[in-house]
Amino acid sequence: MRIACPFCGERENGEFTYLGDAAPKRPNFVVDGGESPERIEDAFYDYVYLRDNLAGVMREYWYHGGGCRSWLVAERNTVTHEFIAVTAAPGAGAASAMRAGE
Amino acid sequence: MADFSWNTQSPLERALVPGHHGVTGTQVGVMLEEVRDINLVQVMARRGKVVETVKAAKKVFGVEPPSTPGTAAGRHATLIWSGPDQFIAFSARSERDHFSKLSDAFAGVASLSDQSDGRCLIRIGGPRARQALSKFCSLDLDDRAFPPGAAATTSIDHTATNIWRGADSSDGHAVFHILVFTSFADSLWHTIQDAALEYGVQASLAHTA
């Protein structure tokens with residue numbers, strides 16, 4: 001399997017590390033905003049532990065540690081292993097500003 | 001206080017045995033060299049300071065650093081792409097205050113790290129260099145995919161490396177440069193030499209001008 005890094009070009013998959021679903025967003029509660037502790041705990045439990053087990057196309061984080069050491073977001077079909085698109089994760093490189101929650 | 005001094009020593013002190021290795025006879029398919037006396041400075045643009053970093057590099061080296069995998073020949077230095085918005089400035093070790101001069105030039109816009117003694121530079125040439133490399137490097141090193149001036153950061157033998165292709169030798173053969181962390185240099189040297197034995201290896205030391 002070969003993965004097309006948007007910075008390096010096509011590389012063997014051994015250069016990459018899989019993190020997982022790119023969908024979960026870190027819950028963002030206002031400090032002392034009056035939210036119940038149970039709701040906050042639930043939201044963080046979801047964020048840290050719960051994942052959908054998709055059969056089909058999903059967005060995933062991959063890390064090109066064996067190359068340019070950039071975080072990437074890949075659209076991959078979990079059934080066929082086809083990579084549909086690979087783009088730089090927000091904050092990769094120094095050009096773009098970091099976006100909250102990703 | 002006792003006198004104390006550091007002795008610099010090549011990471012290939014034991015691995016590099018100058019001379020001919022491999023096939024009997026004088027056939028040399030691969031020329032394997034360690035290049036010593038190098039200056040390496042890793043330059044990484046700070047967040048949002050890419051344009052300023054490019055500008056500073058142009059002022060110091062006379063060329064813009066490569067924005068895609070590749071090299072750029074600048075004044076007294078070759079700039080090698082090493083990742084998005086970062087590059088390695090490679091030059092011969094001559095001036096003593098090389099690093100502080102660069103630090104001043106990039107002050108506030110990029111973070112610099114002196115890697116001169118952190119990496120080992122191995123040069124591979126000769127008519128069979130590509131065949132030897134293809135045994136352990138997964139990149140396509142064909143002329144069409146990796147012409148002179150091409151560069152890549154890749155894993156070779158499970159080791160992080162920067163590889164780039166310089167100008168061809170006078171006899172027309174491709175010349176590849178591999179930068180590797182000093183602590184992995186011994187292991188990588190053995191890998192390369194073993195892969196090249198069947199073609200005949202000429203191992204030697206080189207010094208930057």
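**Ground rules**

I treated this as a predicted model, where local features need pLDDT of at least 70, side-chain atom pairs count only at pLDDT 80 or more, and totals for chains, interfaces and linings use all residues. Residues are numbered from 1 along each chain as its sequence is written, while chains are lettered from A and ligands numbered from 1 in the order in which they are written.

**Entry 1: chain B overall**

I began with the secondary structure of chain B and found 4 helices and 12 strands. Helices (H or I, at least four residues) and strands (E, at least two) are DSSP runs, numbered from the N terminus. I then looked up the radius of gyration, which is taken over C-alpha atoms. A compact globule of 209 residues would have a value near 17 Å, and chain B agrees with 18 Å. The globule rule is 2.2 Å times the number of residues to the power 0.38. Along the principal axes, the C-alpha trace of chain B spans about 55 × 55 × 30 Å.

I noted that 42% of the 209 residues in chain B are buried. Buried means that 20 or more other C-beta atoms lie within 10 Å of the residue's own, with C-beta atoms placed from the backbone. I also checked contacts, meaning residue pairs whose C-beta atoms, placed from the backbone, lie within 7 Å. Among contacts in chain B between residues at least 6 apart in sequence, 67% join residues at least 24 apart.

**Entry 2: the domains of chain B**

I found chain B divided into domain 1 (19-36 + 118-207) and domain 2 (38-114). Those bounds come from an automatic or database domain assignment. The C-alpha centres of the two domains lie 25 Å apart. In the contact between them, 11 residues of domain 1 meet 10 residues of domain 2.

Which elements give two or more residues to the domain 1 side? I listed strand 2 (30-36), strand 8 (119-125), strand 9 (151-156) and strand 10 (159-165) of chain B. Strand 9 has the largest share, 3 residues. By class, this side has 6 nonpolar, 3 polar and 2 charged residues. Here Ala, Val, Leu, Ile, Met, Phe, Trp, Tyr, Cys and Pro count as nonpolar, Asp, Glu, Lys and Arg as charged, and the others, Gly among them, as polar.

**Entry 3: one residue, Ile192(B)**

I placed Ile192(B) in helix 4 (residues 182-196) of chain B. Why does Ile192(B) count as buried? It has 26 C-beta neighbours inside 10 Å. Leaving aside neighbours within four places in sequence, Ile192(B) is in contact with Leu32(B), Ile122(B), Ile124(B) and Ala132(B). I also looked up Val109(B), 83 residues away along the chain; the two C-alpha atoms are separated by 38 Å.

**Entry 4: a hairpin in chain B**

Strand 4 (residues 71-74) and strand 5 (residues 77-83) of chain B run antiparallel and are joined by 4 bridges. I took two strands as paired if DSSP finds at least two bridges between them. Ala73(B) stands opposite Thr78(B) in strand 5 of chain B. The hairpin has 2 residues between the strands, and His76(B) takes a positive phi near 60° there.

**Entry 5: chain A**

I counted 1 helix and 6 strands in chain A. From the N terminus on, the order is β-β-β-α-β-β-β. A compact globule of 102 residues would have a radius of gyration near 13 Å, but chain A has 16 Å. Its C-alpha atoms fill a box of roughly 50 × 35 × 20 Å along the principal axes. Of the 102 residues, 20% count as buried. Among contacts in chain A between residues at least 6 apart in sequence, 48% join residues at least 24 apart.

I traced an open sheet of 4 strands in chain A, order 3-4-5-6, with antiparallel pairing. Strand 3 (17-21) and strand 6 (83-88) stand at the edges with a single partner strand each, so one side of each is left without a neighbour in the sheet. Strand 5 (residues 71-77) and strand 6 of chain A pair over 5 bridges. One bridge I looked up joins Ala74(A) to Val86(A) in strand 6.

**Entry 6: where the chains meet**

How many residues does each chain give to the contact? I found 16 from chain B and 16 from chain A. On the chain B side, strand 9 gives the most, with 4 residues. That side divides into 6 nonpolar, 6 polar and 4 charged residues.

Technical notes: Two residues are in contact if their C-beta atoms, placed from the backbone, lie within 7 Å. A residue is buried if 20 or more other C-beta atoms lie within 10 Å of its own, exposed if 12 or fewer, and partly exposed in between; C-beta atoms are placed from the backbone.
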